[in-house]
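User: I am new to reading protein models. Could you take me through this one with questions and answers?

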Amino acid sequence: MLWTRRSFVKVTLSASAATFLPCLVRSYFPRFPREDDPTDESLTEARHYEKLPYKKIRCVLCPRECVVDDQERGYCGVRENRGGKYYTLVYGKPCTWHVDPIEKKPLFHFLPGTKAFSISTVGCNVECHFCQNWQISQIRPEQSTDYIASPLEIARAAYYTGCESIAYTYAEPVIFYEYMYDCAVEGHRRGVRSVMISNGYINPEPMRQLCDVLDAVKIDFKAYTERFYSNVCHGHLRPVLDTLVLLKEIGIWFEMVYLVIPTLNDSPDEIRSMCRWIIEELGPDVPLHFTRFFPQYKLRNLPPTPVKTLERAWKIAKGEGLNFVYIGNVPGHKAESTYCPSCGRRLIYRIGYMTEVEGLRDGRCVYCGREIPGVWK
Amino acid sequence: MDRRDFLKRAILGAALGPGLLRPTIAGTRSRVVVSVGKGRLDEGAVGVLLDRGIEVLFGAKAKDVWQELFGPGDVVGLKVNCLAGRGMSTRKELVGAVARRLISAGVRPEDIVIWDRANADLRKAGYRTNRGGNELQCYGTDEVGYYPALIQHMSVGSLFSRILIEQCTKVINLPVLKDHGICGVTLGMKNFFGAIHNPNKYHDNAGDPYIADLNTLPFIRQKTVLTILDGLLAQYEGGPPYMPQWTWPFGALLLSKDVVALDYTGWQIIEKKRAEKGLPSLREAGREPLYILTAADPQHRLGNADPSLIEVIYV
Ligand code: SF4
């Protein structure tokens, strides 16, 4: 598509709205006074944990299954055992929020062109050396000056800023599970949907329950080797694969992102094996986004991913039969757009976060009628 | 290069420079003094234990040792361990006795900083937090924050307390003798987890090699003049929280210039107590503190973990 003056102005205005609207609600959420040590009464009890003898607990929210002594915290640093009861320390305390295009998540087959009210708390249950949000994901609640916002307030803010969805994103929403769950419930009451942007490092039962209140999930698939997961992310591959299979089984909409890091997870063999696994276990219609790495956090000794490497991965995935393969973090690349797998015509045109739906009606290609999977309205 | 970059480079440069390769103590025999007392251990009695321990450790009069090690112009951090509340944190009597001797050596009270991770932790352990004025300083890192540049070193990548990086010229490490449910024991080296912003990330594999790696950082290694392990009340099971049913009144201070030898000795004391009480060894319990051995290996060379090279003197 050629950008007409009208479409350009429309997109620019909506992007500006996304930028300025937060100012209108900035005062909506007060800041949590950092010095305050929350009392047990003001904290929310964690879900998905088991009590053990001598006031210990075992958290079964994520595959780490931390056994935590009294007064101690789990690996994620945001859940604390107080006298044998486990609490989340970040419930109602987002450290950041923004109104983002849904494409930024990225979710390309979920309400394209809409805005997502995006929130995060501090903390994460893995430690990826390339984390681009480590200043929030790798800290503890007392090291941040958080907002105070109940699920109801988040849902209202999303509604009043014209967002179609609430996105749980930036750090790792698994670790603010209870807050995410309750925000999603409040959002649904106002017709605002919920999407989780996650590493997929979660146990099956909590994930299953969460899917009752979510509308879409994006999984950051870090690599297709256990070596990468354990050496670069301090996690394991198997639970993430299990989560993906579970999402497929449940039938919730999900997309996958694969951050291609030079020399660490960019080998053609690894990408081919991964694509074969996806086709076999998840089917060919799962969108797969290959995104570009930039040096961050503890991984500063590698260059940004060459665009050629991303294109090679794209070709492999297409060659293996995946229908919706994208290239991300390369604004203006033609593989940012959605094409019909049957007739090859462009259906959704994207440049960066500017989106134009041009060939899709009622979830079908307007040119050949092929059904295009996703959540379109 | 801005000030922050410059400082970061200076810190890391030192970390990677010849200092790391120079054996601190390894290769020579290390002395660990266990200064044991009896009865009620108030600040006066703890001071006597402390002086006796210092004299045996350094082979000189306690007063001279304090004056030799510290003096006017020093800003001395007393790194306490306060996570377990009043029951099982560094005793105020010990901290008081140390502070008194520092002042006698010429350190101004306002240049003595009793610190740990958070004000709330210090208060829960019975300390009165105070910042400013010309009395003893007592505050957590949350009061002044972390030095903003990420310091990456071996397996560790963390933000470090400004108290350690920017304020103190010298540190006296004052940990507690106790069991740890994940890392086996929490003694001298592990006490520096209280100086980083992300200790929760470094408990995997019973803290090995993270605890050893952390302690090779030059600003920890070079600033730490002395480690005094508070074993007045010790805990052999159920740590790090205070579990009174597993404590015993050991009534001792353990002192050493070699933190690895000190940790090794503390570990053996806890193992002995566990055996006496019919508990499995830490290895059998799946949490042998191998990080102590790692700290002594050729890559770390932070001290001795070989009993034939450690002279333990009970006084
Ligand atoms: S959610 Fe946090 S506390 Fe729970 S198992 Fe995972 S890392 Fe551990």
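User: What percentage of the 315 residues of chain B count as buried?

Analyst: This is a predicted model, in which local features need pLDDT of at least 70 and side-chain atom pairs count only at pLDDT 80 or more, while totals for chains, interfaces and linings use all residues. Residues are numbered from 1 along each chain as its sequence is written, and side-chain values use heavy atoms, with hydrogens and water left out. Buried means under 20% relative accessible area, with a 1.4 Å probe and protein chains only. Of the 315 residues of chain B, the share that counts as buried is 63%.

User: How many helices and strands are there in chain B?

Analyst: Helices (H or I, at least four residues) and strands (E, at least two) are DSSP runs, numbered from the N terminus. By that rule, chain B has 12 helices and 13 strands.

User: Which residues of chain A lose the most area to chain B?

Analyst: Contact means heavy atoms within 4.5 Å, and 23 residues of chain A are in contact with 27 residues of chain B. Buried area is the accessible area (1.4 Å probe) that two parts lose on being put together, summed over both; between chain A and chain B this comes to about 2,100 Å², of which carbon and sulfur atoms give 50%. On the side of chain A, 25% of what is buried comes together from the residues that lose the most area, namely Tyr75(A), Arg140(A) and Lys298(A).

Note on methods: Chains are lettered from A and ligands numbered from 1 in the order in which they are written. Buried means under 20% relative accessible area, exposed over 50%, partly exposed in between (1.4 Å probe, protein chains only).
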